[in-house]
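This briefing sets out the fold, the sheet, the core and the chain contact of the structure shown below. The points are grouped by topic.

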Protein chains: 2
Amino acid sequence: MSTPLSDIGCVKAATRILGDKWTPILLRCIANTESVRFCQLQDNADGINPRTLSARLVTLETDGIIEKNPLSSSARAEYRLTKKGSDLLPILTAMQAWGERYR
Amino acid sequence: MSTPLSDIGCVKAATRILGDKWTPILLRCIANTESVRFCQLQDNADGINPRTLSARLVTLETDGIIEKNPLSSSARAEYRLTKKGSDLLPILTAMQAWGERYR
């Protein structure tokens, strides 16, 4: 019985991000290509409100999970996962497998 | 970009359980011995209110994460992880490692 209480925060950090309704699907979409644009994310997360999508992207960028690269040719931006973000993917996959098996 | 929206629920199922403040530490405590009693959990999750602990245990039992085995010799019960519960441990470990690395 050796889990120090301080470890609670470490788990919480990951669940806070992955526990959001849209974030898992957004992370998958961003992970599946080298980079992705806002409208592509909107198409893939069908049903997401543009305002919600925008807010999630800002949060993920602030948290260092994704990075935004403005396209030089236009006002549009592209998003890609950082190392911190791509390190979440195996956890996401494991959670998904667990959920599929047991729910 | 192939994550169906239905998969959101699978991830949600796991984050709903692991996202709770106390559940990760309770799962660790229960996992670290063959079975554990209420008072032992209370000692190890120092700071948990007995009413909160009781509520969490009921939820975890209802969710099929732990099982309660009444001790024949007394009124006290012991708790242990089910297969469903122990299958959460690698996810918990991965989340903890991610949180330690990046927070």
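From the N terminus on, the elements of chain A follow the order α-α-β-α-α-β-β-α-α, which gives six helices and three strands. The model is a predicted one. Chain B can be laid on chain A by a turn of 180° and a shift of 0.0 Å along the axis, with an RMSD of 0.0 Å. That is the relation of a two-fold axis.

**Chain A: burial and contacts**

- Of the 103 residues in chain A, 34% are buried.
- Among contacts in chain A between residues at least 6 apart in sequence, those that join residues at least 24 apart make up 45%.
- The loop between helix 2 (23–31) and strand 1 (36–37) of chain A holds A:Glu34.
- A:Glu34 counts as exposed because it has 9 C-beta neighbours inside 10 Å, and the limit for an exposed residue is 12 or fewer.
- A:Glu34 and A:Thr93 are 59 residues apart along the chain, and their C-alpha atoms are separated by 19 Å.

**Strand pairing in chain A**

- Strand 1 of chain A runs antiparallel to strand 3 (residues 77–81) of chain A, and two bridges join them.
- A:Arg37 has A:Glu78, in strand 3 of chain A, as its bridge partner.
- Five bridges pair strand 2 (residues 66–70) of chain A with strand 3 of chain A, again in the antiparallel sense.
- A:Lys68 has its bridge partner in strand 3 of chain A, namely A:Tyr79.

**The sheet of chain B**

- In chain B, three strands form an open sheet in the order 1-3-2, with antiparallel pairing.
- Strand 1 (36–37) and strand 2 (66–70) of chain B stand at the edges with a single partner strand each, so one side of each has no neighbour in the sheet.
- Strand 1 of chain B pairs with strand 3 (residues 77–81) of chain B over two antiparallel bridges.
- Within strand 3 of chain B, B:Glu78 is the bridge partner of B:Arg37.

**The contact between the chains**

- Chain A and chain B contribute 37 residues each to the contact.
- On the side of chain B that touches chain A, helix 1 (6–18), helix 2 (23–31) and helix 6 (89–102) of chain B each supply at least two residues.
- Helix 6 of chain B provides the largest share of that side, with ten residues.
- By residue type, the side of chain B that touches chain A divides into 19 nonpolar, ten polar and eight charged residues.
- The copies meet through the same surface, because 100% of the interface residues of chain B are also interface residues in chain A.

**Helix 6 of chain B**

- The 14 residues of helix 6 of chain B should span 20 Å at 1.5 Å a residue, which agrees with its end C-alpha atoms being 20 Å apart.
- The buried residues in helix 6 of chain B are B:Ile91, B:Leu92, B:Ala94, B:Met95, B:Gln96, B:Trp98 and B:Gly99.

**The nonpolar core**

- In soluble globular proteins, nonpolar side chains tend to be buried together.
- The largest nonpolar core has 47 residues, and those with the most contacts inside it are A:Ile91, A:Met95, B:Leu88, B:Ile91 and B:Met95.
- Not counting residues up to four places away in sequence, A:Ile91 touches A:Ala14 and A:Leu18, together with B:Ile91, B:Ala94, B:Met95 and B:Trp98.

Terms used: Residues are numbered from 1 along each chain as its sequence is written. Chains are lettered from A and ligands numbered from 1 in the order in which they are written. This is a predicted model: local features need pLDDT of at least 70, side-chain atom pairs count only at pLDDT 80 or more; totals for chains, interfaces and linings use all residues. Two residues are in contact if their C-beta atoms, placed from the backbone, lie within 7 Å. Helices (H or I, at least four residues) and strands (E, at least two) are DSSP runs, numbered from the N terminus. Ala, Val, Leu, Ile, Met, Phe, Trp, Tyr, Cys and Pro count as nonpolar, Asp, Glu, Lys and Arg as charged, and the others, Gly among them, as polar. Copies are superposed by least squares on the C-alpha atoms of residues with pLDDT of at least 70 in both. The expected span of a helix is 1.5 Å times one less than its number of residues. A residue is buried if 20 or more other C-beta atoms lie within 10 Å of its own, exposed if 12 or fewer, and partly exposed in between; C-beta atoms are placed from the backbone. A nonpolar core is a set of buried Ala, Val, Leu, Ile, Met, Phe, Trp, Tyr and Cys residues joined through C-beta atoms within 7 Å. Two strands pair if DSSP finds at least two bridges between them.
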